[in-house]
Amino acid sequence: MSGAYSKKGIAFIIDAVLASLLVVMAIVVAQHHLSTTSRATVNRNSNTEFISSDLMTALAELKIGELNNSYIKSLINNSNITNVNGSVIEQIGQFWAEDKGALAMNLTKIMLDGLMDNKTGIGVFMNGEAVYEINNSDGEIIRSSKKIISGIQSNRSRYGYNARAFALKSKKNNTLIMMGDVILSSVKKTSGGTNGNGVNVTYNLTVPANCSISDAQWFIESAWTDNKFKAYINGDFIPGSSASGSKLLTDLQSYLNEGPNDATVEFRFGSGGNEGGDDGASHFTVDYETNVLSTLADMNTKYFAKVESNCSIRYKRPVFVMGELSSVEVNMSLYGINATLAYTIDGITYNVSKKNISAGKASWSSTEISNSLAGYGLSFANMSHKYVWFVVDVDDYHERENFGTGRIIYPNSKITIKTSFSTLIYGYIDVTKIIPVDSYSSVDWGDFYRRTTWIFNASNATFPLMLDSQLAWLYDSGTNPDQDAILNGKEVYSHPPQPLVVEFARYGYATDSGEFVNGRNNYTLQFSDGYSINPFNSLVSFLALIRSTVGYGETFETQSEATSDALRRLNETIAGFIDLIEIGNEVTTVGNVPSLWGPTIAEVRTWE
């Protein structure tokens with residue numbers, strides 16, 4: 001029973017307060033309706049001490065649009081008042097903040113005139129500054145009621161501006177990198193000596209449109225150190241390219257065109273090596289300048305080079321899998337009798353199947369490859385976040401063969417993968433940079449070293465996508481050397497216990513691996529006796545995405561301040577990577593935001 005009485009008591013108190021508020025609001029509204037010329041006066045001896053709080057409540061609750069007053073309607077019509085849903089006290093405060101003292105005073109005057117007798121004063125103040133007073137005197141303050149109004153401040157608009165900026169045109173210095181694959185075919189007959197075969201390998205090099213090439217170099221390294229070779233670009237012989245073992249060709253920019261280019265090497269018998277071809281360390285680099293924002297190639301489709309030979313062919317195509325692999329297909333266009341597919345994971349090769357070449361095609365579906373993995377107790381997870389080598393043989397492969405019929409791998413042959421990793425290019429500018437060698441030590445033989453380190457920087461302003469390395473390697477056959485790849489002090493590959501990788505020609509890692517750190521990054525390859533790399537002929541590159549836009553920033557009093565802030569933030573983001581040519585920006589108006597300005601204290605005072 002006591003609980004019930006308590007609830008009733010609360011209800012009566014609320015009713016009384018609401019009735020008091022309605023009385024005051026009725027007086028105020030009636031005042032603004034100006035329906036009669038009489039003015040209500042407040043008896044000081046009747047609840048005088050509550051007048052300031054009740055009036056403040058009414059001013060805070062009553063909306064401008066609810067007032068039926070010709071002067072107020074004129075302010076709305078001429079856009080001096082733009083928010084009819086704002087309260088009266090907020091509108092008074094806005095006029096005051098915008099230094100429109102006369103409008104603030106007139107609006108307050110309409111609300112207050114006639115409410116008090118000649119002995120009692122009343123006034124509205126903003127941050128202690130009088131907006132309007134009746135019966136101004138130095139009398140004793142009877143009551144003061146205050147309310148915080150967010151988002152206004154003297155001499156500042158209720159509204160502010162923030163902006164975002166984005167690159168419409170930019171100029172970037174970028175590097176196009178074409179890494180060679182491991183491609184082998186016999187150049188030695190079964191009885192010894194040359195079989196007269198030439199292994200022709202043609203890589204496609206697509207130069208971006210509207211670019212200016214500053215430098216182009218081509219490093220060629222044959223499968224066997226004694227292989228002879230010569231090189232062509234778009235059918236033109238490159239003077240000085242006739243060599244054996246390896247060769248660096250420089251200043252090749254005049255041979256290149258915008259769009260597709262053919263880079264061909266003809267490998268031949270040397271003095272004793274069984275096979276001719278590419279050992280996987282060859283690479284072509286093109287330094288260029290362009291105003292095209294996105295030059296990033298498809299990350300999920302990997303094409304084969306064109307290979308022509310009169311012996312069986314073995315092609316080892318490395319594919320870096322970013323994220324979790326969910327599907328992989330191999331579709332080959334070939335000339336030959338049969339084709340065999342295998343894959344190499346962490347140095348161990350697993351067979352899929354052999355197929356007859358039909359109508360120039362041989363293909364393996366994702367299901368076939370998945371079933372093959374399952375047969376070895378593996379899954380697509382074992383191919384994820386790493387380099388996987390897909391090995392295609394055209395006809396039964398032999399290191400030594402007599403000169404035979406022609407075999408061809410056509411350049412529309414491809415491997416297509418699907419992964420969990422999504423590269424969102426919109427809003428980004430891709431930049432590829434070659435990372436110079438930082439240090440090398442523990443010489444093995446000639447220019448081959450057992451320990452090499454590369455240093456590069458990544459920052460929060462960039463989105464590091466991938467570090468890729470192509471290595472000129474040397475293996476002492478029959479040995480079992482230690483192999484360690486170390487990223488920022490963490491061993492990410494280590495043999496033992498992981499398998500020995502004889503052809504340690506590629507290694508890479510991507511953002512999804514979680515190996516990049518903000519700031520200085522250290523990439524080290526370390527081997528024991530029996531394995532080494534040539535740091536001067538190896539290539540390590542860093543692919544990053546640079547934001548071409550910055551979002552809305554802080555709120556400013558003027559549009560120009562907001563725009564300047566957006567441009568400053570965009571320039572800081574792309575500094576050192578991109579030169580901006582044309583910049584776009586968008587400015588938005590922000591109003592009635594508590595954090596914009598202020599707050600301001602509105603106050604109603606009464607005194608005698």
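Tutor: A pocket is an open set of grid points with protein on both sides within 12 Å along at least five of seven lines. Keep in mind that this is a predicted model.

Student: What volume does the largest pocket have?

Tutor: The volume of the largest pocket is about 1,300 Å³. It is lined by 42 residues, and those closest to its centre are Ile177, Met178, Ala297, Asp298 and Lys302.

Student: Which element gives the largest share of the lining of the largest pocket?

Tutor: That is β4, with six residues. The strands that each supply at least two residues of this lining include β4 (159-179), β17 (313-321), β28 (462-470) and β35. By class, the lining of the largest pocket divides into 26 nonpolar, nine polar and seven charged residues.

Student: How is enclosed space found?

Tutor: Rolling a probe the size of a water molecule over the atoms shows where empty space is left. In this structure there is one cavity of 30 Å³ or more. The largest cavity has a volume of about 40 Å³.

Student: Which residues line the largest cavity?

Tutor: The lining consists of Val201, Tyr203, Trp218, Ile220, Val265, Phe267, Asp278 and Ser282. Two or more of the lining residues come from each of β6 (199-207), β7 (211-221) and β12 (259-268). Six residues of the lining are nonpolar, one is polar and one is charged.

Student: Now the aromatic rings. What describes a pair?

Tutor: A pair of aromatic rings is described by the distance of the centres and the angle of the planes. Searching the whole structure gives 23 aromatic pairs. In one of them, the ring centres of phenylalanine 516 and phenylalanine 542 are 5.8 Å apart and the planes are at 55°, so this pair is tilted.

Student: Why does the pair of phenylalanine 516 and phenylalanine 542 tie together parts that are apart in sequence?

Tutor: Phenylalanine 516 lies in the loop between β32 (506-510) and β33 (519-527), whereas phenylalanine 542 belongs to strand β35 (residues 539-547), so the parts tied together are 26 residues apart in sequence.

Student: Are phenylalanine 516 and phenylalanine 542 buried or exposed?

Tutor: Both are buried.

Student: Which residues do ring pairs link into a cluster?

Tutor: The cluster is made up of Trp473, Tyr475, Tyr493, Phe504, Tyr507, Phe527 and Tyr531.

Student: Where does the charged end of arginine 605 sit?

Tutor: It sits over the ring of phenylalanine 125, at 3.9 Å from the ring centre.

Definitions and conventions. Residues numbered from 1 in each chain as written. Predicted model: local features only at pLDDT ≥ 70, side-chain atom pairs only at ≥ 80, totals over all residues. Heavy atoms only, no water. Phe/Tyr/Trp six-rings, centres within 6.5 Å; stacked < 30°, edge-to-face > 60°. Helix = DSSP H or I, 4+ residues; strand = E, 2+ residues; numbered from the N terminus. Buried < 20%, exposed > 50% of the residue type's maximum accessible area, 1.4 Å probe, protein only. Lys NZ or Arg CZ within 6 Å of the ring centre and 35° of its normal. 1 Å grid on protein atoms, 1.4 Å probe; cavity = no way out; pocket = protein on both sides within 12 Å on 5 of 7 lines; lining within 4 Å. Points joined across faces, edges and corners; volume = space filled by probe spheres on them. Nonpolar A, V, L, I, M, F, W, Y, C, P; charged D, E, K, R; others polar.
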